[in-house]
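Please read it alongside the sequence and structure shown here.

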Amino acid sequence: QKLVMALQSSRGDIEKICQVSGVAGVSMLVINHGETIFQENLGYSNVAEESPVTSDTIFHIASMTKSFTATCINQLRVEGKLRLEDTIQEIIPEARSRDPIVAQFATVADLLGHRTGLQKADQYWLGSAGELMFDREQTTAVFNQLRSVRSFRSTFKYNNIGYAMLGEIILRLTGKTYDKYLEQNVLAPLSMTRTITTKEGGLPQNTSLAYSALSDATPYNVPLPGSSASGAMGSAGGLMTTTNDLSKFVRLWTRDAYPGSGSTTQDGAVQVFPEISWLFTPLQIMGSPTIREKSYAGGWARSQLPGTVGDIGVNPGFVDQMPLLAQGSDSRLAFWHQGSLVGDTSFVMLLPETESAVVVLTNSMALNDAADWIGQLLVEILLDSSTRNDYIHLATVSAKRAIEKFNELSRTMEADSTGSKPPRDLGKYTGSYVGVGGLFLIDIVLVEAFRLRHQHDDVFSWFLPFDEQIKRGLFIEYKPEHYLIRFQSGDETGFRCLN
């Protein structure tokens with residue numbers, strides 16, 4: 001009763017975090033010893049109509065989808081249809097990475113553990129206004145074009161396209177698309193009836209709209225992300241669900257996490273979580289080695305508490321250092337993940353030793369990762385940590401830093417611009433430019449879609465003010481090179497390439 005009252009008393013702090021961060025609506029749930037002890041919903045699923053969030057409101061969960069994908073892969077492993085050490089090429093022969101080492105040696109485990117060393121390349125699939133930039137059938141061709149930016153298996157390098165490849169592996173081995181396999185082998189057995197795998201035919205009632213925070217933290221309605229479990233990038237981040245439905249999934253994860261802890265859920269011959277401990281096995285150290293463990297397993301990050309979490313989201317870039325979570329609590333292993341797309345963020349942490357879990361779903365890409373701060377706050381209450389972090393302060397500082405960082409970027413872009421006219425007639429830059437193995441085409445024309453501004457020499461920028469990027473449904477990037485286009489190999493007739 002004391003714990004429940006403490007969780008309920010957190011409402012004011014959570015409302016303040018949402019306010020300073022720019023969150024329109026949030027749904028939360030806490031499980032302890034296998035039972036739901038706390039559910040709270042704040043804000044609106046539709047701000048204009050003041051429709052309240054409920055525990056059955058459907059949200060995008062973005063990269064939280066990865067734990068479902070890993071569950072599917074583990075089922076196939078137990079059935080003998082694959083081994084984690086099977087190479088990608090053994091299953092999909094046309095998967096021929098431009099890195100010869102990755103092409104020859106990369107395995108299913110390398111995709112699961114984000115250890116291929118390939119570039120993240122989210123700009124290849126994440127367009128404006130929720131647009132997906134390629135079709136699911138093109139996934140392998142896009143994967144083949146990814147450049148190596150780290151040595152193979154040397155470090156943790158998060159890669160969404162790698163998880164999209166796991167969906168293609170499921171299709172190749174079962175003859176079923178990712179969404180169909182997931183529905184039949186995970187969602188139906190768990191009676192997850194409000195978990196959505198496709199947007200075809202429309203969405204159910206009480207599906208939240210999507211919001212992104214303007215620079216003053218006002219939630220702005222943006223198009224829903226174009227991803228779904230049935231389309232491109234589905235197995236990396238396409239699921240939509242509710243806290244009530246997600247509780248069915250995480251409750252069984254925490255129950256069956258350790259060998260001998262209980263029976264697996266069955267529906268006829270289907271076992272949802274067979275030999276689940278395999279999915280908790282560390283595959284790659286995250287960051288620099290530390291005394292306390294932090295690694296990545298199958299669709300879950302692992303952290304020894306007290307310790308830091310939240311590395312998968314944006315918060316580490318907005319604070320001097322991430323807070324030490326659960327100070328003064330007994331040491332225990334936590335499994336966690338985050339999700340982030342334009343229009344949503346999510347946080348889930350599992351504490352299997354006590355069959356506990358914290359779930360936070362939001363309908364907003366806030367100025368910071370508010371779902372992370374809210375989730376950590378609830379974890380510290382759940383564990384009765386003797387030393388608590390000030391998450392209102394962290395949310396305030398990180399939101400402020402996001403805008404400061406963007407303003408610094410604006411000044412950098414301005415300083416890089418000479419203010420001079422382009423060295424050639426603008427018509428010389430126009431044309432259709434094909435790249436990424438012929439998969440993408442960029443049209444440079446003399447009418448505005450994304451206006452190009454001359455920076456210097458043959459370099460142009462499509463950089464936009466913060467609020468304009470938000471209103472176009474863009475994911476804010478803070479590196480100047482993200483916004484630059486360089487025209488190269490030009491002659492008197494025009495240019496042949498750009499990057």
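**Aromatic contacts**

1. The count comes to 20 aromatic pairs, where rings of Phe, Tyr and Trp (its six-membered ring) pair if their centres lie within 6.5 Å, planes under 30 degrees apart being stacked, over 60 edge-to-face and the rest tilted. Phe249 and Trp253 make an edge-to-face pair because their ring centres are 5.9 Å apart and their planes stand at 70 degrees. The model is a predicted one, in which local features need pLDDT of at least 70, side-chain atom pairs count only at pLDDT 80 or more, and totals for chains, interfaces and linings use all residues. Residues are numbered from 1 along each chain as its sequence is written, and side-chain values use heavy atoms, with hydrogens and water left out.

2. Phe249 and Trp253 both belong to helix α11 (residues 243–255), where they are four residues apart, about one turn of the helix. Helices (H or I, at least four residues) and strands (E, at least two) are DSSP runs, numbered from the N terminus. Phe249 is buried, at a relative accessible area of 0%, and Trp253 also counts as buried, at 0%. Here buried means under 20% relative accessible area, exposed over 50%, and partly exposed in between (1.4 Å probe, protein chains only).

3. Phe318 and Tyr478 form an edge-to-face pair, with 5.6 Å from centre to centre and 75 degrees between the planes. This pair links distant parts of the chain, 160 residues apart: Phe318 is in the loop between β12 (301–305) and β13 (332–341), and Tyr478 in the loop between α14 (466–471) and β21 (484–488). Phe318 is buried, with a relative accessible area of 6%.

4. Ring pairs also join Phe68, Phe249, Trp253, Phe273, Phe280, Trp300 and Phe335 into a cluster.

5. In strand β15 (residues 356–362), seven of the seven residues are buried. In a regular strand the side chains alternate between the two faces of the sheet. Both faces of β15 are covered, with Ser356, Val358, Val360 and Thr362 on one side and Ala357, Val359 and Leu361 on the other.

6. β15 pairs with strand β1 (residues 25–32) in the antiparallel sense over six bridges; two strands pair if DSSP finds at least two bridges between them. Val26 has Thr362 of β15 as its bridge partner. Strand β14 (residues 344–351) also runs antiparallel to β15, and seven bridges join the two. Met349 stands opposite Val358 in β15. β14 and β15 form a hairpin with four residues between them, and Glu355 in the turn has a positive phi of about 50 degrees.

**Enclosed and open space**

7. There are five cavities of 30 Å³ or more. On a 1 Å grid over the protein atoms alone, a cavity is a set of points where a 1.4 Å probe fits but cannot get out, a pocket is an open set with protein on both sides within 12 Å along at least five of seven lines, and lining residues have an atom within 4 Å of a point. Grid points are joined across faces, edges and corners, and a volume is the space filled by probe spheres set on the points.

8. The largest cavity holds about 80 Å³ of space. Its lining has 13 residues, of which Arg136, Glu168, Tyr178, Gly231 and Ser235 are the closest to its centre. The largest share of this lining, four residues, comes from α8.

9. The second largest cavity has a volume of about 60 Å³. Its lining residues include Trp125, Leu132, Pro223 and Val342.

10. Of its 16 lining residues, Ser288, Thr290, Lys294, Thr308 and Asp311 are the closest to its centre.
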